[in-house]
Amino acid sequence: MFRLSLRNVWARKGRLLLTALAIIAGTAFLSGVFVFSDTIKGSFDSLFTTAYSKTDAFVRSADKVESDFGDATRGRVPDSLVPTVRAVPGVASANGDVQGFALVTSASGTNLGNGNAPNFGGSFSPDSTTTPWAVVQGRAATNGTEVVLDKQSSDTGKVKIGDTVKITAKAGVQDFTVVGIAKFAGHDSSLGATWALFDLPTAQAFVAQDPGKVDAIVVGGDGSVSQTTLAQRIEAALGPDSKTETLTGQQITAENQSQIEKGLSFFKTVLSIFALISLAVGSFIIYNVFSISAAQRQRENALLRAIGASSGQVTRSMLAEALAVGIGGSLLGFVGGLGLATGITRLLDAIGLGLSDSSLTVKPNAFVYTMVAGIAVTLACGVAPALRAGKVPPLAALRDVSVDRSDISRSRLVVGFSFLVIAVLAIIGGLTGTTILLAIGVIALFVTLIALGPLFAGPFARLATPALTKVRGVVGAIAGRNASRNPKRVALTAGALGVGLALLVGVAALGSSIKSSIRETVGQQFLGQYTITGSGSTAGSEGVLPLTVAASVAKLPEVAGATGVGAAQVHIANAAGQNIGKLVALIDPVSAAKTINLTFVSGGWNDLTADALIVSKSKADAEHLVPGDVVQVGFLDGTTTQLTIRGVFDDKNAGVLSGNFIADRQLAATTGVDVFDAQIYIVRAPGVSDAQATAAIESVVKNFPSAKFQTREQFISSQTNQVDTLLNVIYALLAMSIFIAVLGIVITLLLSVYERRRELGLMRAIGTTRAQVRGSVRWEAVLTALIGTAMGVGLGIALGWIVVKALADQGLNSFTLPVQSIVVFAVVAVVLAVLAAWLPARRAAKADILAAIATT
C-alpha cells in the first residue's frame, strides 16, 4: 500500500503540484521570517563584534534609567577619570567617547541621511587603538568648526572635503567644514546610519551639551593580562565613589547583541503570526483538495476495498500521500523563503539600510520549524478525508461523481450555532474587562464561519442562480447550479478568502476608527493654528528638535504662545519607594495653557510649578495617587528630587500629550538628561494674519534643518498618515493570505473541471460553445468570491467593532466603518476571482468532446 501511495502521488503530479502550492506559499513566508530575522540579528551581531573587537574594557556610569521596553539610558562620567584609567597597569590606551543625535544637511539643504536609518554624532580620536573608524580621505577633526563624515553619507550628499555642512544637535545648529571621510571597519557606514565625527571637546559641547563629561571610557589593553583582570584593576582604581562600572570588551559586545535580540524577538513574533495566518488560510485549501481528491477517488478506493484492502490500509495510504505532499511542499517552501529573505535584504540595501554587508544567515531551527509546521498542517488537513476514504464501501465503485449534502447537515448546524453562542457570550465577557474571553470569542467566530459556511453557501448560490440566469442566460444558470450542488467545497474555498478579507476589513475598521479619534481628539485639544515637528532620530524613534527652536519661535511678535513638548527618562517612586514610572513629559505650563486644552480632573496648568507633577487619571487610579502626594524623581546623574502631585488629567482622550506624568521642562535642565522636543504647538497672536504668522515662523524654521512647519490641518493629517503607513504594512503582510485564497479558487475550479469532464463533454456535444463553458466557470468563480466577500466583510466588521470597543479606555471614541476600503476589497476580490478562473475556464473549454463522453 505504501508503494501504491507513492505511485498515486507520482501519477497525479498536477494535483500534487496544486496541493503543494498552498503549502509552499505558507511555509515560504514562515521560512522567510526566520531567515530574515536571523540575518538581521547576524548583521547587528557582526556590527557590535566589529565595533568592540579592539576593546578590552568599557567604563560607564552605574546610574541608569530603564525604559518600559527593557533598554537603559545611562548617565555620563567625568572625563577627569580618563587619566586614572590610563595609569592602570595593563592599559595601552583609554579614550573618552561621546555619542548622541546629529542631523547633517548639505549646503543646499539636503538631508544626508536616507530617512530610514538613525543619525548619530560622536567623538573620534585618530590616535585611539580601539575605534572601528578609519579616515580614508583627509584627516580627523581638531576643533569646533571641523567634522568627519562617514563615506556613505558623503557619497549620498555628494559632499567632498572642504565643503560646508549644517549640523543639528542638542546644542542647536552650526556650520562645520568637512575635513575627512571615514569608514566603519572597512564599510562605508554602520548599517546605513549617518555619522558626524568630531573631536572630543566639540562632541561634548555640541552633541552632548555636557562639557567635561563622556558617555564611556573605551580601553585597549597591552595584552599582558586578560580582559577580566584588566576590568577588575580599572574598577579598583576608580573606586566605588566614582559611581562607575567596568565591563570587559566581551561583556559589552554580548550586552548589545542581547538587547538587539530582545528587540527583534517582538518583530519576529509579529511576522510569525502573519506567516501562521497564511498557513491557516492555506489549510482551507489543503483540506479542500484532499476532500475533493478523496471524493473523486471513491471508485478507486472502493475497488481496493473489494480486492481485500482494509479500511486502515486505505486510510494510511491517503495519509502517506499527505505526508509526501507535506514534505515536498515544505522543502520547496523553505527554499522559497530563502529567496524571499534575499529579496527583502536587497530591498533594504536599496533604500540605504546597508544589510548587503551580511550574507543570509540560515540556522537549522529555521529549517526544522518550517518543515514541522508544513508537514503538521498538511497531515492535520489530510486526516478527515483519509478517514472518510477508509470508510468507503465497495458498492461506491458504482458512483462516479461525489455528492455533497453538507448544506442540510444537522450536526453542522448544531456545531455552528453552538460556537456562535460561545462567541457572543465570550465577547460580552471580554468587553467587560477579561481579555482572554475576548480572544476566545474571536476564535469562536472564525470556527462559526467555517462550520456554518456550507449552510450559507448553498442557499446563497441557489438564490443567486435566477439573477445570474437573467444576466447571463444559460451560462449563469450552469454556474449557479454548479456552485449550489457542492456547498461545502465552495464554502471552504470562499472561507479561505473570507478569513483573509475578514482580517483586512477588521484592520481597516480599526485604522479608520483610530484616525477618526485622532482627528476628533487633536482637534479638541490643540488650540493653535501651527505646529513644528522634528525629523531625524538617534535610533529610529520620533523626530527631534533642539530646545532653541521653541524658544526662538516664542520670541516672535506674531506668536502668542509656542509650546515645546519633550520627554525624559527618570525614576519615579512613590512614598513606599516603589517604582511607578520611567518617563515624564516636559512642558512649559505657561505656554501650554494657551496652546493645549487638556481636560483636568483636578488642578490645572497653573498648578504645574517647578516642584510639581501632574499625573494621568488612569495612573493615579492604578497607583492610588491623589493631589498632595509626594513622589521621588531620580535622574541619570544620580540626583533625586521630590515633587508634589498638583493635578490629575483625563488621559482617555489625550491625543496631543502621551504618557502618565507631566512636569515643568525646567526639571531636567541640570540633570544630564538629553531633552529634545518632539513637537511644538503654536498659537497666532491676536490681530495677526495667517500669512504674516506663517512667514514669521518659517523665517525661524529655515534655520533649523530638523524642523518641519505644518498648519493645524497638515499636522492632523500627518498624524493620521502614520496610521495609514501602519495599515499598509499590515495589508502587505496579509497579502500572502489573499494570494493563497485566490490560489485556492484556481485549484478548486481545476479539480472541479476534472471531475465534471463527462458533463462538460455532453454540454459541448449538445451545442454549448467554448465561450459559454468558459463563462460558466468564470461566473462560478465570481459566486465563490462573492460568498467569501460576504463572509469576510461581515466577520471583519464584527472584529473591528470588537477591537474598537475593547480599546475604548485607550481613547477610541467611536467606531467608524471604512466603506471605501470595504468596496475596494470586494471589487479586488471579484477581479482576482475572475483572473483565477482564467486557467480552469480555458482548460474546461478545450476539453475533447469524444474523450470526455468516453470517460467511464
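Me: Is Phe 715 buried or exposed, and what is its relative accessible area?

Reply: The model is a predicted one. Residues count as buried under 20% relative accessible area. Phe 715 falls under that cut-off and is therefore buried, with a relative accessible area of 3%.

Me: Which kind of aromatic pair do the rings of Phe 526 and Phe 715 form?

Reply: The ring centres of Phe 526 and Phe 715 are 6.2 Å apart, and their planes meet at 75 degrees. Planes over 60 degrees apart place a pair in the edge-to-face class. The pair of Phe 526 and Phe 715 is therefore edge-to-face.

Me: How many residues apart are Phe 526 and Phe 715?

Reply: Phe 526 sits in the loop between helix H14 (487-525) and strand S17 (530-534), and its relative accessibility of 2% makes it buried. Phe 715 belongs to helix H19 (residues 712-755). The pair thus links distant parts of the chain, 189 residues apart.

Me: What is the angle between the planes of Phe 176 and Phe 206?

Reply: The count of aromatic pairs comes to 16. In the pair of Phe 176 and Phe 206, the distance is 5.1 Å centre to centre. This pair is tilted, and the angle between its planes is 55 degrees.

Me: Which elements does the pair of Phe 176 and Phe 206 tie together?

Reply: Phe 176 is buried at 0% relative accessibility, and Phe 206 is buried at 5%. The two residues lie in separate elements, so the pair ties together parts that are 30 residues apart in sequence. Those elements are strand S12 (residues 172-184) and helix H5 (residues 200-207).

Me: What arc around the axis do the buried residues of helix H23 cover?

Reply: The buried residues of helix H23 (residues 838-845) are Pro 840, Ala 841, Ala 844 and Ala 845. They lie on the same side of H23, because the arc they cover is only 130 degrees.

Me: Against which helices do the buried residues of H23 pack?

Reply: Packing here rests on contact, with heavy atoms within 4.5 Å. The buried residues of H23 pack against H19, helix H20 (757-765), helix H21 (770-806) and helix H22 (819-836).

Me: Which helix supplies the largest share of the nonpolar patch?

Reply: Leu 323, Ile 327, Leu 331, Phe 367, Val 368, Tyr 369 and Val 372 make up this surface patch, with about 570 Å² of accessible area together. Helix H9 (311-350) and helix H10 (364-390) each contribute at least two residues. The largest share, four residues, comes from H10.

Methods:
Residues are numbered from 1 along each chain as its sequence is written. This is a predicted model: local features need pLDDT of at least 70, side-chain atom pairs count only at pLDDT 80 or more; totals for chains, interfaces and linings use all residues. Side-chain values use heavy atoms; hydrogens and water are left out. Rings of Phe, Tyr and Trp (its six-membered ring) pair if their centres lie within 6.5 Å; planes under 30 degrees apart count as stacked, over 60 as edge-to-face and the rest as tilted. Buried means under 20% relative accessible area, exposed over 50%, partly exposed in between (1.4 Å probe, protein chains only). The arc is that of the directions from the helix axis to the C-beta atoms. Patches are made of residues with over 30% relative accessible area and no salt bridge: like charges are joined within 9 Å, nonpolar side chains (Val, Leu, Ile, Met, Phe, Trp, Tyr) within 5 Å. Accessible areas come from the Shrake-Rupley method with a 1.4 Å probe; for residues, only the protein chains shown count as cover. A salt bridge is a side-chain nitrogen of Lys or Arg within 4 Å of a carboxyl oxygen of Asp or Glu.
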